[in-house]
Amino acid sequence: MPENAFPLARYGRRIGTRAEGERARQELLEVLGGLPEGSVLVIALAGLDVLSGSFADEAVAETVAQLAAGALPGRYLLVDSPSDELLEDLEFKLKGRRLAVLASVGKTWRVLGHLPPHLARALEWLTDRREATSQELAGALGVSVAGASVRLAELARLRRVHRVQRPRSMGGIEHWATSVISLKETT
């Protein structure tokens, strides 16, 4: 299990009520708030037999919504599951809220929930690449640098990527985006 992990199995093997989910969300936000900026917390589904939609919506989707709305700047979430089956209700709830989170099943990463195709394509490219500038993304996707910058800014607002400013060798600054998956490997 990753170092910064929040195992949902602490609430039992079959978690299902909205009240349980609310308690989990409060604890999840407390743990996230205690992490330094730039940290990734992995919600671990290992050890669960059932993850109901009510619990998933209250604990995970509501947390994702709060982060996307600006709560706890610089903190990120990922989901790790031993099976696709445990992700079904969570994905349904995220799609209903038009939210997304990155999830892993084994060594495979995927977007769980809803992410517009232009953002999903940019995120997929960046995840494969690990980090890049808007100019590099623009070249890879065949869009303008401004269009790539907008995509990365939106992904950063949704907490799917981490953006930082770095000085350029020729002067000025440039914005770099790092995949949250890559960021997890460094925290």
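This is a predicted model: local features need pLDDT of at least 70, side-chain atom pairs count only at pLDDT 80 or more; totals for chains, interfaces and linings use all residues.
Strand 5 and strand 6 (residues 100-105) run parallel and are joined by four bridges, where two strands pair if DSSP finds at least two bridges between them. From strand 5 the chain passes through helix 3 (residues 88-97) to strand 6 in a right-handed β-α-β crossover, right-handed meaning that, with the strands pointing away from the viewer, the path from the first strand over the helix to the second runs clockwise.

Strand 5 also pairs with strand 3 (residues 39-44), in the parallel sense and over six bridges, and Val42 stands opposite Leu78 in strand 5. Six of the seven residues of strand 5 (residues 75-81) are buried, that is, under 20% relative accessible area with a 1.4 Å probe, protein chains only.

## Nonpolar core

The largest nonpolar core holds 55 residues, and Leu8, Leu45, Leu51, Leu77 and Val79 have the most contacts inside it; such a core is a set of buried Ala, Val, Leu, Ile, Met, Phe, Trp, Tyr and Cys residues joined through side-chain atoms within 4.5 Å. Helix 2 (residues 53-68) supplies the largest share of this core, eight residues.

## Basis of the values

Residues are numbered from 1 along each chain as its sequence is written, and side-chain values use heavy atoms, with hydrogens and water left out. Local features need pLDDT of at least 70 and side-chain atom pairs count only at pLDDT 80 or more, whereas totals for chains, interfaces and linings use all residues.

Key:
Buried means under 20% relative accessible area, exposed over 50%, partly exposed in between (1.4 Å probe, protein chains only). Helices (H or I, at least four residues) and strands (E, at least two) are DSSP runs, numbered from the N terminus.
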